Amino acid sequence: MAEVLLDVRDLRVHFPTDDGLVRAVDGVSFTLERGRTLGIVGESGSGKSVTSLGIMGLHQGTRAQISGHIKLDGEELVGAPAARVRELRGSKMSMIFQDPLSSLHPYYTVGAQIAEAYLVHNKVSRQVARKHAVDMLGRVGIPTPATRVDDYPHQFSGGMRQRAMIAMALSCDPELLIADEPTTALDVTVQAQILDLIWDLQREYQSAVIIITHDLGVVAELSDDILVMYAGRMAEYGSAEDIFDSPGHPYTWGLLGSMPRLDEARLDRLIPIKGTPPSLINVPSGCPFHPRCQYAAETGGLSQTEVPEMRPVAPGHLVACHLTNDQRRAARSSAAHLEDA
Amino acid sequence: MITFIIRRLIATVFLLIVVSMITFAIFFLIPRLAGQNTYQLATEYVGRNPTRAAVLQVEAQLGLDHPLWLQYWNFLKGIVAGAHYNSGTTSTYCPPPCFGYSFRSQQPVWPQMVSDLPVTLSLAIGAAVIWLVAGVAIGVISALKRGTLFDRFSMGVALAGVSLPIFFTGLISLELFSYKWPLFPNVQYVSFLTNPYLWARNLVLPWICLAFLYAALYARLTRAGMLETMSEDYIRTARAKGLPERTVIFKHGLRAALTPIVTIFGMDLGLLLGGAIITEYTFSLHGLGLFTILAIQNQDLPEILGVTMLAAFFIVIANLVVDVLYAYVDPRVRH
Amino acid sequence: MRRRRTIVLPALAAAAALALAACGSSGGSSGGGSSSSAAAGFNAAVTKVVNPSSTKGGTISFGNSSAPDSTDPGNTYYAYMWNFVRLYTMPLMTYKSCPGACGLQVVPDLATGPGVVSDNGLTWTYHIQPDVKFEDGTTVTSQDVKYAVERTYDRGKFPLGPAYFPLLLAPQKPAYPGPYKDRSKNLMGLNAVQTPNATTIVFHLAHPFADFNYVVAIPQTAPVPPDKDTGANYQLHPMSTGPYKFQSYQLNKQLTLVPNTYWKASTDPNAKQLASKITMTMNMNANDIDNRLLAGDLSVDAAGTGVQAAARAKVLSSPSLKASSDDPLAGFTWFAALNTTLKPLNNIHCRMAVEYAASKTGYVDAYGGPVAGGAIATTVTPPNVVGHKTFDLYQGASMPGGNVAAAKQQLKLCGQPNGFTTGITYRSDRPKEVAAAQSLQASLARVGIKTSLHGFPTATYDSNFAGVPKYEAQHDIGISFYGWAADWPDGWGFFFYIVDGKAISPAGNTNLAQLNDPKVNDLLNKMALTNNDATRNSYTSQIDMQVMKDAAILPGVWAKSLLYRSPNLTNVYVQPYYGMYNYAVLGTK
């Protein structure tokens, strides 16, 4: 059994604003072992990016109020000195972002930026750093890396740029890689390549990976475990098989139902989830999903009043919902009939 | 990069020719369109009670009786190859660039402009250094400490600097620091070669007044630029790499925010080199700006042409330098 | 002829400077000089010499808000330059250096005595002092004076000075073109001037002209050595015969004079060589000049036309500063010429209506009030013209606000009982003139005379607009604002170009009233022919009276200049002809 690298316990990230307190992340807990991949899924505003930024310590200097625990390899990050967290950033844990064109500095060559990342954490000469940059570019599959290392970001294609970003993120051999929407800005064909790359690199470096996305297709490919977030809270957590074969939360059902699938019969039309994501300042009482949930009535008013805890519905599979397992099974099969009809 | 520069150089020469044509046309065509003929133009230079003979003499002396295209052609030739002026038995050679002779003083224009140039250069460059350093520094600090007392105060002062005209701040500073409490008595330009200490001391007041205006502008611009830059994605990436905050601010943030500032700086300096008119007038500094005012007041066409061309030259060169600099700094422009 | 005055850049500086005028004055707050040496008193320099001294040394610094039209004595027309050039030149005659009316006399300078008239007034002979030297040691000869006069004939090369010699001297055929075209023929080719020996010069006039002594007092007779003449470049270093010579001259920027070692005080009693350096800084901001003057950083405001509005407020409100200032007559009269050829102003009664209706207080106030602007003018000549008599035909002084009843009466007499319309021209770049025009417009409106205002820049006023009779006729211009100062302080010198019929010219006209009154023309003729000083000068007031009777001119202000007298200057007094301090005798403590 792989050891736990990242242990997040009851993480809360709140932003005080003039309009009120924004509860961007409100009680998220999970663990991640080395070599495993966690996919965090949710709509915009569900808190997935804020969680990952919180892990990286990138809320430092903002008004964010962070509470809870983030233990990276046993070391507590919440409340740790900023200098220590900065030391870890890029070396032990690193992150890649959605849009590689805007995420890379337009004035510096790709090689310089990669070397910079390396030089921050390693006392070596510039030549050595540069050589390392060339190596990394080769590792991520960029052809003729020795010449490409002196090119500027705008001289790369979208897919190549993202590879370069990945090269930069992995240059210090981090133990944790967080990929925030790594393929959203890319063509579909390129998406597959990037996901394959991440898969290969993970196996090579044995790093833990968190993939954040709203795209269930991406998650299905790569993740060992999946965390579904809603309104800053956890909705469901389980292995990829659990989530896809027997999803337990009505929100997850909605996500899956609104997603075209190859392994099921073709639907006439996709079924979106009714309503819009809630305000994070005035989160609905009780279960945050209840205004949009078609099963809320079945819980006898609990959904409106009581916040559901994450309860196991199967070993390693937790759902934050007031529905009983029977109600759940019934709801799923009627939905399935709906699909067959 | 080289081809880029060459292309721009050719465009520069072309631009200067166009400027010369337009200037020439403005000063010669428009009076014609307003009904003034060359006889009347010459009358202005003949003093009182002009006799017809005297006016015709002046007309010939000033070359006003030639057709327009010939005057322009002679003008262009003069700039490139110099000109010979015949007056009776004497013949004088006016070496290139020859901008002709002042109508009023009958002295060649170019040497006068050259002797005024160091004053304007001293004023412009000195002030430029001050405003660039002060403006950018204040702008960066304000951006980083956004919303604090420093930010609000400095932006308030900046607003004053941008709004107060130079002849106002100039006069106030003269009144206070030159006449009332003579910290800087007798503000008069002293050449750097003659006495560097006096050169600097006498320029302090004009430098500060001129720099105040621009520093304010640059502080606001830098602040806005920094705020925008610091919210860019690549700043987040830089932090994610674990870079120290100082490196993030300066190497990644300021570097990008400064690019438009550099462009504007080049243009501002180029414009100023043509003469900081109001500052020079307020402080009685004999630079190109004052030269311009006097040339216009006296309706001295060769002087007006000369100083317009020179100012245009500076602006066009500044434009060129800025373009090249920009291409050097921002690689995206090169391709 | 009309002397030119310096023009100050208005708007910009005025606006801001006025804002500062309030920050002024709490009693001698500006550093100006030690108030321990008791300031001699307001207007002290008008009647006596202030700080008489023969102490040598020091630097006198002149500040000039523009630049001289030329430092070449043959090519300048500014009053202050005619004053200043005596520091480095000696014309044949000059004005006596003494305060008060004494200074209006024209006395020999380079010459040994006034011209000897012969040949029924057609020949004037002068002898020059034999031992005056140029700054390089060469002795001045009569040919140098003749050459100087010859230069003024080349109006193309030297267009800026007056043109009296070509006008008054006997003509020759072909017309003398000046000494530059074909030097071999023209070097001493002016036949009207003869030099029988090295110290004698003889002028042959075309017609008798009794004022010729005044004409040779113009700096154009200052000797110029032909071999050192560099034409248009002579202004950069004229050969000095005065107490100082050019050390350096940066055109339009800075002039430095140092003592001329070959100058002898015994040959030139009208000038002094006291200071060891004299500088003139040009193109300075006018308000800056005033401030430096008051702070003691400058000695003299070269233009000599008075301080600007901001400094005026400071000086007048501070007793100690006021005690160091003078308010002399400038020699100018500001007036409005009434077009005698334009309907309905061609009817004398319509013109008289204008004379009565105008508010003199308004006119004077427009120019800055009684101290800074001047006194109400009731005659065309100001009091410092020789032969002036003060009279008041239209009650300008007794009813300074205008006499509406009398005006209306005159309107009836000219057949326009309800008034009429006409145009007013003025020089738009002179704020005081603008204000005066507006004031007149308001005054005339009271009696039904409706006027439209037309402003033009000074540079083209004479050449293209008001000075073009056809323009005035076409555009219905009945009233033209103007100003005049005498080229020499007697009646002919003041009047000829503004009221003589012969002076009317199709462009660059200065007789804006286009007056062609045979009585006036006749009197001016007589003046030119009468050699007896007393008789000649009596004509001045007669001409004045006739012009006023003709109501051809509406006199407005006898200009005064509020001058600040730096306490560090010695031998300071006002020379009434120039209307400013005598620059030739100044020294410094």
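A: A contact here is two residues whose C-beta atoms, placed from the backbone, lie within 7 Å. Helices (H or I, at least four residues) and strands (E, at least two) are DSSP runs, numbered from the N terminus. Also, this is a predicted model, where local features need pLDDT of at least 70, side-chain atom pairs count only at pLDDT 80 or more, and totals for chains, interfaces and linings use all residues. Residues are numbered from 1 along each chain as its sequence is written, with chains lettered from A and ligands numbered from 1 in the order in which they are written.

Q: Ok, which residues of α10(B) and α13(B) meet?
A: On the α10(B) side they include T259(B), V262(B), G266(B) and L273(B). Among their partners in α13(B) are F314(B), A318(B), V322(B) and V329(B).

Q: And what classes does that contact of α10(B) with α13(B) have?
A: There are 14 nonpolar, 5 polar and no charged residues. Ala, Val, Leu, Ile, Met, Phe, Trp, Tyr, Cys and Pro count as nonpolar, Asp, Glu, Lys and Arg as charged, and the others, Gly among them, as polar.

Q: At what angle do helix α10 and helix α13 of chain B pack?
A: About 165°, with the axes 8 Å apart. Axes are lines fitted to C-alpha atoms, for helices over the stretch in contact, and angles run from 0 to 180 degrees between N-to-C directions.

Q: What about α5(B) and α10(B), how do they pack?
A: Helix α5 (residues 109–144) of chain B packs on α10(B) at about 150°, axes 11 Å apart. So α5(B) is roughly antiparallel to α10(B). Their contact has 14 nonpolar residues, 1 polar and no charged.

Q: Where in chain B is confidence lowest?
A: In strand β1 (residues 83–87) of chain B, at a mean pLDDT of 67; pLDDT is the predictor's confidence in each residue, from 0 to 100. Helix α9 of chain B is highest, at 94. Chain B averages 85.

Q: Last one: how far apart are the C-alpha centres of domain 1 and domain 2 of chain C?
A: They lie 33 Å apart. The bounds, 66–283 and 329–560, come from an automatic or database domain assignment.

Technical notes. Angles under 35 degrees count as roughly parallel, over 145 as roughly antiparallel, 65 to 115 as roughly perpendicular and the rest as oblique.
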